Amino acid sequence: MELTELTIKKAHEGLIKKEFSTVELIKVFSDKIEKENKKIAAFLTLNIENAFSHAKKIDELILRGQKIPLLAGIPAAIKDIILVENIRCTAASKILKNYIAPYDATCVKKLKNQGVVILGKTNMDEFAMGSSTEHSGFFPTRNPHDLERVPGGSSGGSAAAVAGNLSLFALGSDTGGSIRQPASFCGVVGLKPTYGVVSRYGLMAMASSLDQIGPITRTVEDCEIVFEAIRGKDEMDSTSVEIPEIENHKLKIENLRIGVPKEYFIKGMDDGVEKIIKSAIRKFEKLGVKIIEISLPHTEYALATYYIIMTAEVSSNLARYDGIKYGLSKVKTQKSGYPLGGCKSLLDVYLKTREEGFGDEARRRIMLGTYVLSAGYYEAYYLRAQKVRTLIREDFKNAFQTVDAILTPTSPTPAFKLGEKIEDPLTMYLSDIFTVSLNLAGLPGISVPAGLIDDLPVGLQIIGKPFQENTILQIGKIFEKL
Amino acid sequence: MITKRDVQHVAKLARLGLTEREAKKFQKELSKILDFIERLKEVDILKVEPTSHSIKVENIMREDRVKIEGLEVRKKLVEMAPEEKGGYVRVKAIL
């Protein structure tokens, strides 16, 4: 086995048994990046030099015989919407092309404290808005399974980096499926935790009531390790919560009840995807798991609800990129680098900076959000959507009275071709149809590789009760071994 | 349906510069998305309370105290502004 294909535990064992050094481990990944990243284009910024000096420090600890944490020396890639101190952080937007992160996000700090080595920052759709990584302000990322196809999005660079063995694991963020859908397209594991379980401090806000950070890994065990490392209440994020203590009993397969929502097997789903997911469900049934058909009656309204609430929050969160405080600015100064692009008034500074800095998808969503919040439309759109959100939450609450977890496809199709959906925003939005409900309801969900259609991966989504990441991780591990 | 004037109005509210051609393009695209979200009108929401967060959120208070360790970050933050003066961010006159 190549070193780039190791699991976290195997890599850790190799390091402490001195089968290879941290520097050697990082070298293997940096060579791989050098060779493959030109094709895959997973990274926006590389951090290789720092990674080596960090690796040397870990090696010194090992040589001195010190006990090192499980994640020490393990290489990681971080989605470029999460701050890593003193490294450029762009959210794949031209408006932040030269922005240097002034501090570490809490999840990054937690990983650094364990000794994780950061290889670089990964590409994404601008400000996490998109499902293909084609809306990056810089360049698209390609799917390692088929370079003509998208890796999914918005955490497409992170998923492609893990799938292409350019990093051992990665962090992504998920507002409507942005960890799970690319994990599905790239054949890797992606977890969106319960809302609030991972601190959002240092994550550039897209839609604050929906955003969550989570791991993208090759195995469910790796996913669990990274999740354990980054979760926890944080005084810097007032919406973060500690996972309430849940009895950590081992799942008994024969007692397990798994729901399959009839509304998720709809027209428009790829036949191959349906076949793979149904065969996954049969595999659980053969183990003695009780499979129960459930109903989530408001499913058909989830996407519309999501596009109102999310864009409303986007329009307010992205107001901060105004050319005054940081990032691109059309203010006439020597420092801004626009000696001739002067604006007459403050309003001009806003208009010109935001026109030049934001891509089309960002502008589309900002305008839609502004519209649904504007006078005369607030009640018809925004308030109504918040009420439907309540109904969607209740659907899940009711279903979880009879089941322990829910199985669905992660996405209705495997990875599509670059350019296939870029011209029609609404078609692109439909790739999130199975994932957005979890963000609206705040539930945890994991996408696990379930099979291939013509060499293209398909993911199975396992949905859990709030704060029961433990349950879906265990179910994911069982499924991995089938 | 959203008119081109609506688009231009919303763009101004959102402080987004827009060319004529772009206004036309966004009018088409936004109309299509708005048609799609119209379907929420079918849902009976008469007795339903709105949800803003999936978890219960409360105001969290802390002591109003200057953090010494924050001074370095403060310096970094101010230095990022295109125009600064004496430790403050400078902007054009508003009135």
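1. The model is predicted.

2. Helix H3 of chain A runs over residues 48–63. It has 16 residues and reaches 22 Å from its first C-alpha to its last. That is close to the 22 Å expected at 1.5 Å a residue. Just after H3(A), Gly65(A) takes a positive phi of about 80 degrees.

3. Which residues of H3(A) are buried? They are Ala51(A), His54(A), Ala55(A), Ile58(A) and Asp59(A). Down the axis of H3(A), the buried residues fall within an arc of 150 degrees, so they line one face of the helix. The partners of these buried residues are all in chain A: helix H2 (22–40), strand S2 (75–79) and strand S3 (117–122).

4. Now the face of H3(A) turned away from the buried side. The exposed residues there are Glu49(A), Ser53(A), Glu60(A) and Leu63(A).

5. On to the interface. In chain B, 41 residues are in contact with 53 residues of chain A. Three helices of chain B each supply at least two residues of the side that touches chain A: H1 (4–13), H2 (20–37) and H3 (71–79). H2(B) gives the largest share, 7 residues.

6. What is the make-up, by class, of the side of chain B that touches chain A? That side has 28 nonpolar, 5 polar and 8 charged residues.

How values were computed: Residues are numbered from 1 along each chain as its sequence is written. Chains are lettered from A and ligands numbered from 1 in the order in which they are written. This is a predicted model: local features need pLDDT of at least 70, side-chain atom pairs count only at pLDDT 80 or more; totals for chains, interfaces and linings use all residues. Two residues are in contact if their C-beta atoms, placed from the backbone, lie within 7 Å. Helices (H or I, at least four residues) and strands (E, at least two) are DSSP runs, numbered from the N terminus. Ala, Val, Leu, Ile, Met, Phe, Trp, Tyr, Cys and Pro count as nonpolar, Asp, Glu, Lys and Arg as charged, and the others, Gly among them, as polar. The expected span of a helix is 1.5 Å times one less than its number of residues. A residue is buried if 20 or more other C-beta atoms lie within 10 Å of its own, exposed if 12 or fewer, and partly exposed in between; C-beta atoms are placed from the backbone. The arc is that of the directions from the helix axis to the C-beta atoms.
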